[in-house]
Amino acid sequence: MTKIRDIIEFTETFAPLDTAMSFDNCGLLVGDKDTTAEAVLVCLDITPDVVSEAEDLGANLIISHHPVIFNGIKQLSQSDVPYLLAQKGISAFCLHTNLDLSEKFGVNTCLAEKLELNNIRFFMDGEKEICLAAGDLKTPLNERQFAEFVKLKLGCKGVRFTEIGNTVCRVAVSSGAGGSEIYNALNTGAQVLVTGEIKHNQILDACRMGLSVVDAGHFKTENVVIKPLTEKLARRFEGVSFYESKTCTDCMNYI
């Protein structure tokens, strides 16, 4: 019988909890380690729909990237996710910046591989909050061609990108809210940074410094880890059913 403790110990081999950034809240946030894992749902975010999906699948553990409890809880209503999880007897285990920072198997690893980059190098430092990887494109592309490539590979409905005249040969990636990595991306020799969130002033700074930007959305740049993570866990724990969430989305439409 696989316990939740066993799954946590396995994730320690590639995303140790003690490597998470200081502001983060990772680990088993709802439930007990000694509970038997009957079935597991894996997702980016735990929403009420995801809790219902887990219940329908008979899953008593949800593994998510984003923490279901981040700041201190002062009040709970019956519609709040932590309340729903406890009510339905579903545990929540969250792998956040420790999974971002993992070179063995992390979000940026999966993002770089999804974009078919070669010669991938990692630039990770939890204390300095540096979190990115860089690699080479198989074939150089102009910025518009590269943005279209990212859109296709990540299955985006739309992307934002800059055109400053670069030919893209080397690519830096920083999943999620990685806009602040523009300065570190330049040091990797990259002509472009692919991220999920970037501020207006960071875009202007990137253009001024000669770095192109592709903003593919927080969800799309991080959800790339969910399928590989689900498969990795399923291979290790053959007696447990692992499911990739079908209800977890970014809720965004484009016109």
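Modeller: The structure holds 6 aromatic pairs. Rings of Phe, Tyr and Trp (its six-membered ring) pair if their centres lie within 6.5 Å; planes under 30 degrees apart count as stacked, over 60 as edge-to-face and the rest as tilted. This is a predicted model, in which local features need pLDDT of at least 70 and side-chain atom pairs count only at pLDDT 80 or more, while totals for chains, interfaces and linings use all residues. Residues are numbered from 1 along each chain as its sequence is written, and side-chain values use heavy atoms, with hydrogens and water left out.

Biologist: Why is the pair of F10 and F237 called edge-to-face?

Modeller: The ring centres of F10 and F237 are 5.8 Å apart and their planes stand at 85°, so the pair is edge-to-face.

Biologist: What makes this pair a tie between parts of the sequence?

Modeller: F10 belongs to helix α1 (residues 4–11), whereas F237 sits in the loop between α10 (226–236) and β11 (241–244), so the pair ties together parts that are 227 residues apart in sequence. Helices (H or I, at least four residues) and strands (E, at least two) are DSSP runs, numbered from the N terminus. Both phenylalanines also belong to one aromatic cluster, formed by F10, F14, F105, F237 and F242.

Biologist: How do you know whether F10 and F237 are buried or exposed?

Modeller: Buried means under 20% relative accessible area, exposed over 50%, partly exposed in between (1.4 Å probe, protein chains only). F10 has a relative accessible area of 15%, so F10 is buried. F237 has 6% relative accessibility and therefore counts as buried.

Biologist: Why is S175 called buried?

Modeller: The relative accessible area of S175 is 8%, so this serine is buried. S175 is found in the loop between β8 (167–174) and α7 (182–187). Not counting residues up to four places away in sequence, S175 touches D100, V107, N108, L111, T221 and E222, where contact means heavy atoms within 4.5 Å.

Biologist: What makes the protein as compact as a globular protein of its length?

Modeller: Its secondary structure comes to 10 helices and 11 strands. The radius of gyration is 19 Å, close to the 18 Å that the globule rule gives for 255 residues, so the protein is as compact as a globular protein of that length. That radius is taken over C-alpha atoms, and the rule is 2.2 Å times the number of residues to the power 0.38. Of the 255 residues, 51% count as buried.
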